[in-house]
Amino acid sequence: MCRVQSMSAEVGVRGKVNGQRLRARLLVGVARPASARIEALAPFGAPAFVLSSAGDVATLLLPRDNRVLEHRHVDEILAALTGVPLSAEELRMTLSGCWSSDVVAMRAIAYGAEWRKIIVQPDHELWLHREDTNAPWRVVAVMRNIEHSGRRWGVQYGAFQNDIPRSIHIASADSESAGTYELDLSLSQVEANVPLGAEVFRVDVPRSAEPITLDELRHARPGVREN
């Protein structure tokens with residue numbers, strides 16, 4: 001179901017997290033099985049942040065503030081920055097509009113000849129669509145964690161080019177008490193299945209960098225908070 005093993009793109013982000021407006025321009029690189037790098041571009045000079053992981057343990061560097069967050073999971077850091085708790089693998093699948101080739105389907109429901117809903121382990125819904133009976137199937141929407149209150153969220157895809165979406169809408173699907181977010185992503189400069197060496201997913205942390213906590217990061221949201 002997914003042929004994207006690695007991918008790089010420039011990603012524009014606009015939306016709200018718990019009522020707070022967010023806007024950012026990101027450079028993103030992802031690769032199987034669970035590597036990711038995100039740079040939040042600033043109008044000039046050093047990036048607002050660099051998030052890098054090889055596996056789900058990540059490092060976040062704030063070059064402008066000379067602060068660092070180390071030895072945390074990618075989903076924790078992304079939740080603090082954007083509200084969306086994505087692991088490195090989930091980030092690759094979400095941006096590429098792909099799903100793991102070893103996905104285990106539990107049930108499939110047909111809606112005519114051009115729509116399918118597939119329930120996959122552990123508790124996600126995939127919506128597939130094709131333009132006609134001769135066209136390939138595409139994942140056009142996903143609802144994640146449908147049995148886990150407080151962690152449910154969905155994604156919708158559009159503006160496909162070469163089977164990769166250029167428009168992505170992400171929104172929480174829980175009550176406000178669990179935290180809400182709604183983000184629109186626009187992808188450009190997309191390259192799929194390009195070699196991304198191990199050095200891409202490393203970040204050099206200055207010895208003088210001071211630690212930052214997740215709570216501080218959640219409050220500041222450097223590089224994505226719209227003043």
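**A close look at the salt bridges**

Mentor: Let's begin with arginine 218, which is partly exposed at a relative accessible area of 36%. Bear in mind as we go that this is a predicted model. The partner of arginine 218 is aspartate 215, and the closest N and O atoms of this salt bridge are 2.6 Å apart. Aspartate 215 has a relative accessibility of 56%, so it counts as exposed, because the cut-off for that word is over 50%. Both residues belong to helix α3, and because they are three residues apart there, about one helical turn separates them.

Our next stop is another pair. Arginine 138 and aspartate 163 form a salt bridge through their side chains, with 3.3 Å from N to O. Here, too, distant parts of the chain are linked: arginine 138 is in strand β10, and aspartate 163 is in the loop between β11 and β12, 25 residues away. Arginine 138 is partly exposed at 29% relative accessibility, and aspartate 163 is partly exposed at 47%.

Strand β10 (residues 138–144) runs antiparallel to strand β11 (residues 153–161), and four bridges pair them. Within that pairing, valine 142 faces valine 155 of β11. On to the next neighbour: β11 pairs with strand β12 (residues 164–172), again in the antiparallel sense, over eight bridges. In this case phenylalanine 160 is opposite proline 165 of β12. The hairpin of β11 and β12 has two residues between its strands, and asparagine 162 there adopts a positive phi near 55°.

To put these pairs in context, a search of the whole structure finds seven salt bridges, and the ones we visited are among them. For contrast, look at Arg14, Lys16, Arg21 and Arg23, which gather on the surface as a patch of positive charge. Strands β1 (6–17) and β2 (20–31) each provide at least two residues of that patch. Arginine 14, which lies in β1, is exposed, with a relative accessible area of 51%.

Terms used
Residues are numbered from 1 along each chain as its sequence is written. This is a predicted model: local features need pLDDT of at least 70, side-chain atom pairs count only at pLDDT 80 or more; totals for chains, interfaces and linings use all residues. Side-chain values use heavy atoms; hydrogens and water are left out. Patches are made of residues with over 30% relative accessible area and no salt bridge: like charges are joined within 9 Å, nonpolar side chains (Val, Leu, Ile, Met, Phe, Trp, Tyr) within 5 Å. Accessible areas come from the Shrake-Rupley method with a 1.4 Å probe; for residues, only the protein chains shown count as cover. A salt bridge is a side-chain nitrogen of Lys or Arg within 4 Å of a carboxyl oxygen of Asp or Glu. Lys and Arg count as positive and Asp and Glu as negative; His and the chain ends are not counted. The place of a charge is taken as NZ of Lys, CZ of Arg, CG of Asp or CD of Glu. Buried means under 20% relative accessible area, exposed over 50%, partly exposed in between (1.4 Å probe, protein chains only). Two strands pair if DSSP finds at least two bridges between them.
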